[in-house]
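Hello,

Here is the structure for your set. Please have a look, then read on for what came out of it.

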Amino acid sequence: YMAIIGMNHAVMYVRDASRTQAFYSDVLGFATIIDHPSAEYIFMRAPESTNHHDIAFFSIGSDKTPSQAGKTTVGMYHIAWQVPTLEDLEIMRLKLTAAGALVGQSDHGVNKSLYAKDPDGLEFEVMWLVPAEHWGNAEHTAIVRPLDLDADRKKFELLGYK
């Protein structure tokens, strides 16, 4: 028996790894770890990560069509990036909105989520995980409610969370 301890990194095909690198750096604060001289591939690490890299991008050319995953083909829906506080989630909402990348916001009971798309239209989530002792029945229920980040911040600040 071998136990998986978590997800380590994701690798994405993109039209132009340099363009995606700029987005992840400017909007999400990721650091570049490996930068191929002609941008064939770029490896990046999230700001507070202890991984070697959390995501890598491989350039496949600007003439390639957008992903059809979920429309006409199977494929990945999104990856999720976790922030440590609701305040960080609010800051991320402002950054994603300013970048024109924010496409949705949801309260899933066990997490509060923002959904966005990168320059290639690949979707990702930025989320705050509700402390497990506050999950209640939400742990076993697929919940999708409108996000009310102001109310959530007030509620969880009263409980001692930022």
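Arg 93 sits in helix α2. The model is predicted, so read what follows with that in mind. Arg 93 is buried, because its relative accessible area is 17% and the cut-off for buried is under 20%. Leaving aside neighbours within four places in sequence, Arg 93 contacts Leu 102, Gln 105, Leu 114 and Leu 149.

Leu 149 leads on to helix α3, which covers residues 149-158. Leu 149, Asp 152 and Phe 156 are buried there. Seen down the axis of α3, the buried residues fall within an arc of 55 degrees, so they line one face of the helix. An α-helix has 3.6 residues a turn, so residues three or four places apart point the same way. Lys 154 and Leu 158 are on the other side of α3 and are exposed.

What covers that buried face? After α3 comes Gly 160, with a positive phi near 95 degrees.

Now the core. The largest nonpolar core has 33 residues. Tyr 24, Leu 28, Ile 55, Leu 96 and Phe 124 touch the most other members. Helix α2 gives the most to this core, with four residues.

Not counting residues up to four places away in sequence, its contacts include Phe 23, Tyr 24, Leu 28, Trp 81, Leu 96 and Leu 114.

Best regards

Conventions:
Residues numbered from 1 in each chain as written. Predicted model: local features only at pLDDT ≥ 70, side-chain atom pairs only at ≥ 80, totals over all residues. Heavy atoms only, no water. Buried < 20%, exposed > 50% of the residue type's maximum accessible area, 1.4 Å probe, protein only. Helix = DSSP H or I, 4+ residues; strand = E, 2+ residues; numbered from the N terminus. Arc of directions from axis to C-beta. Core = buried A, V, L, I, M, F, W, Y, C linked by side-chain atoms within 4.5 Å. Contact = heavy atoms within 4.5 Å.
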